[in-house]
Amino acid sequence: MAKDLIHDAVKEALKNDGWTITHEQYSIRYKTLKLAVDLAAERTLAAERAGRKIAVEVKSFLSPSPVQDLKLAFGQYVIYLSVLEVTEPDRKLYLAVNHVVYQEFLSQEAIELIRRRFQVAVVVIDITRQEVIQWIE
């Protein structure tokens, strides 16, 4: 499966934020369904023994229709979330996007309504500086 255009910048931003990348193309399975999330990462905090585990689906939103990109990204996210809730309830799923996409499109009130309704967690990345800007639950 091809990597998203901003995949490497997201991976570096997560590493710069203190995460250890444990998998690229992280496989998740439920019965006969096989899926692959772009990245998996872990971070151990001093106050936690087991640490935190995340899965990150990376999306560029580059098509001529950002609404079409939104449908595809959120649909994929909901499918992955449904399987992870059963197979790995301790792993938090995030949708990674460029900060420009977030500011110009995803932060719109109507999109925020949909994001909250479907509980899509987002990590906003400055891909030029390879830096995490914001975690949105």
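Visitor: How many aromatic pairs does a search of the whole structure find?
Guide: This is a predicted model: local features need pLDDT of at least 70, side-chain atom pairs count only at pLDDT 80 or more, and totals for chains, interfaces and linings use all residues. Residues are numbered from 1 along each chain as its sequence is written, and side-chain values use heavy atoms, with hydrogens and water left out. Rings of Phe, Tyr and Trp (its six-membered ring) pair if their centres lie within 6.5 Å; planes under 30 degrees apart count as stacked, over 60 as edge-to-face and the rest as tilted. For the whole structure, the number of aromatic pairs is three.

Visitor: What kind of pair do the rings of W19 and W135 make?
Guide: Their centres are 5.9 Å apart. The planes stand at 50°, so the pair is tilted.

Visitor: How many residues apart are W19 and W135?
Guide: Helices (H or I, at least four residues) and strands (E, at least two) are DSSP runs, numbered from the N terminus. W19 is in the loop between α1 (7-16) and β1 (20-30). W135 is in strand β6. The pair links distant parts of the chain, and the separation is 116 residues.

Visitor: Is W19 buried or exposed?
Guide: Buried means under 20% relative accessible area, exposed over 50%, partly exposed in between (1.4 Å probe, protein chains only). W135, at 27%, is partly exposed. W19 has 3%, so W19 is buried.

Visitor: How many residues apart in sequence are the parts tied together by F61 and F105?
Guide: The F61 and F105 ring centres lie 6.2 Å apart, with planes at 50°, so this pair is tilted. F61 lies in the loop between β3 (52-58) and α2 (66-87), F105 in helix α3 (residues 99-106). F61 is buried at 13%, and F105 is buried at 11%. The separation in sequence is 44 residues.

Visitor: Which residue lies over the face of Y94?
Guide: Ring pairs join Y94 with W19 and W135 in a cluster. A charge sits over a ring if NZ of Lys or CZ of Arg is within 6 Å of the ring centre and within 35 degrees of the ring normal. At 5.7 Å from the Y94 ring centre lies K92.

Visitor: Which residue in β6 stands opposite V122?
Guide: Two strands pair if DSSP finds at least two bridges between them. β5 and β6 (residues 131-136) are antiparallel, over five bridges. Opposite V122 stands I136.
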